[in-house]
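I opened the notebook to look up a few residues and their surroundings. My entries follow the order in which I looked.

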Amino acid sequence: MIANSHTGKLILIGCGPGAADLLTVRATKRIAEAELILYDRLIEPEVLEFASNDAERLYVGKAPGDGGVQQAALNEKIAEAVAAGLRVARLKSGDPMVFGRASEEIAAAIAAGGEVEIVPGVTAALAAAAGSAISVTERAELQSFVVTTGRAADKDAPPDWASLMKPGVCAAFYMGVGQAWRIQSTLMASGVPGHAPADWIERAGCYDSRTVSTTLERVAHAADAEHVRNPAVLLVRFPKSLAADKAAAAAQAR
């Protein structure tokens with residue numbers, strides 16, 4: 001690695017959900033200016049075409065179960081490059097501040113005496129909603145939008161989905177295919193109606209994106225029957241009118 005005289009810099013760049021034409025103008029400029037490009041498995045080849053011919057390109061991705069590049073090793077690589085005075089573009093799918101482990105990489109760059117810049121990107125949840133024409137907020141029906149994960153660091157302690165999913169909420173679940181049944185059963189047990197609308201969106205924002213529309217009570221079945229594969233986002237909506245209908249039905253039954 002060749003050292004430069006200037007201060008090194010880490011640029012975390014949100015590359016959106018995949019399609020290169022969803023990158024911001026700033027993102028394309030920063031990629032072109034970088035001397036070292038660090039990219040993961042969800043970055044499309046077209047995105048790398050913005051890089052300078054002189055830039056070093058290094059794959060640092062991993063897929064579930066393949067080992068891949070571990071975060072500690074990646075942090076060390078970032079620190080080494082920044083300490084050497086390089087301008088490092090760390091390409092992340094979606095937005096770097098949403099499930100991107102950005103804080104660890106920022107800390108590594110700062111500890112090495114480098115500067116840090118964040119370039120936001122289109123997050124997968126909003127690309128999924130846009131591509132499927134699903135509004136995540138709706139006057140009088142959906143006032144809140146939350147983003148959560150279907151997979152936590154501790155696989156036996158998933159996020160508290162029940163507390164997030166209330167009447168008037170649309171929730172986006174990242175990395176939820178393997179937890180489809182758990183998400184479905186947890187939400188229904190917490191009171192979300194089984195007929196609440198739900199959609200699986202594969203490869204959101206890409207030209208080969210696919211939407212599988214279903215209901216909460218059939219989320220797991222739909223994922224299995226339609227062979228939904230990651231990367232996929234699950235959108236579940238609990239409109240206030242469904243809560244009102246449920247309350248009215250319960251009152252009538254008494």
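Entry on Phe 145. I looked up its accessibility in this predicted model. Phe 145 has a relative accessible area of 28%, so I put it down as partly exposed. I placed the residue in strand 6. I then listed its contacts beyond four places in sequence: Ala 125, Leu 126, Val 136, Thr 137, Cys 170 and Ala 172. I also checked the C-alpha distance to Ala 171. Phe 145 and Ala 171 are 26 residues apart in sequence, and their C-alpha atoms are 5.8 Å apart.

Entry on Thr 148. I stayed in strand 6, which covers residues 144–149 and holds Thr 148. Buried or partly exposed, I asked of Thr 148? The relative accessibility is 6%, so Thr 148 is buried. Leaving out neighbours within four places in sequence, I found Thr 148 in contact with Phe 99, Pro 159, Trp 161, Leu 164, Ala 172, Phe 173 and Tyr 174. Ala 172 had already turned up in my list for Phe 145.

Entry on helix 5. I went to residues 124–131 and noted which of them are buried. They are Ala 124, Ala 125, Ala 127, Ala 128 and Ala 129. Which strands do the buried residues of helix 5 pack against? I noted strand 6, strand 7 (169–174), strand 8 (197–202) and strand 10 (232–238). Ala 125 is one of the residues touched by Phe 145. Just after helix 5, I came to Ala 133 and recorded a positive phi of about 55°.

Entry on Gln 184. I found Gln 184 in helix 7, residues 180–189. I then took the contacts beyond four places in sequence. Gln 184 touches Leu 216, Glu 217, Arg 218, Val 219 and Ala 220.

Entry on cysteines. How many disulfides does the count give? I got 0, with a sulfur-to-sulfur cut-off of 2.5 Å. Cys 15 has a relative accessible area of 1%, so I marked it buried. Cys 206 stands at 11%, which also counts as buried because the limit is under 20%.

Entry on the surface. I looked for a nonpolar patch and found one made of Met 97, Ile 110, Val 116 and Ile 118. Together these residues have about 330 Å² of accessible area. I placed Ile 118 in strand 5, residues 115–119. At 31% relative accessibility, Ile 118 is partly exposed.

Entry on the whole chain. I counted 9 helices and 10 strands in the protein chain. Of its 254 residues, 46% are buried. The chain exposes about 12,500 Å², and I noted that carbon and sulfur atoms supply 53% of that area. Last, I looked at the sequence separation of contacts. Among contacts between residues at least 6 apart, 69% join residues at least 24 apart.

Note on methods:
Residues numbered from 1 in each chain as written. Predicted model: local features only at pLDDT ≥ 70, side-chain atom pairs only at ≥ 80, totals over all residues. Heavy atoms only, no water. Patch = residues over 30% accessible without salt bridge, like charges linked within 9 Å, V, L, I, M, F, W, Y side chains within 5 Å. Areas by Shrake-Rupley, 256 points an atom, 1.4 Å probe, with all protein chains shown as cover. Salt bridge = Lys/Arg side-chain N within 4 Å of Asp/Glu carboxyl O. Helix = DSSP H or I, 4+ residues; strand = E, 2+ residues; numbered from the N terminus. Buried < 20%, exposed > 50% of the residue type's maximum accessible area, 1.4 Å probe, protein only. Contact = heavy atoms within 4.5 Å.
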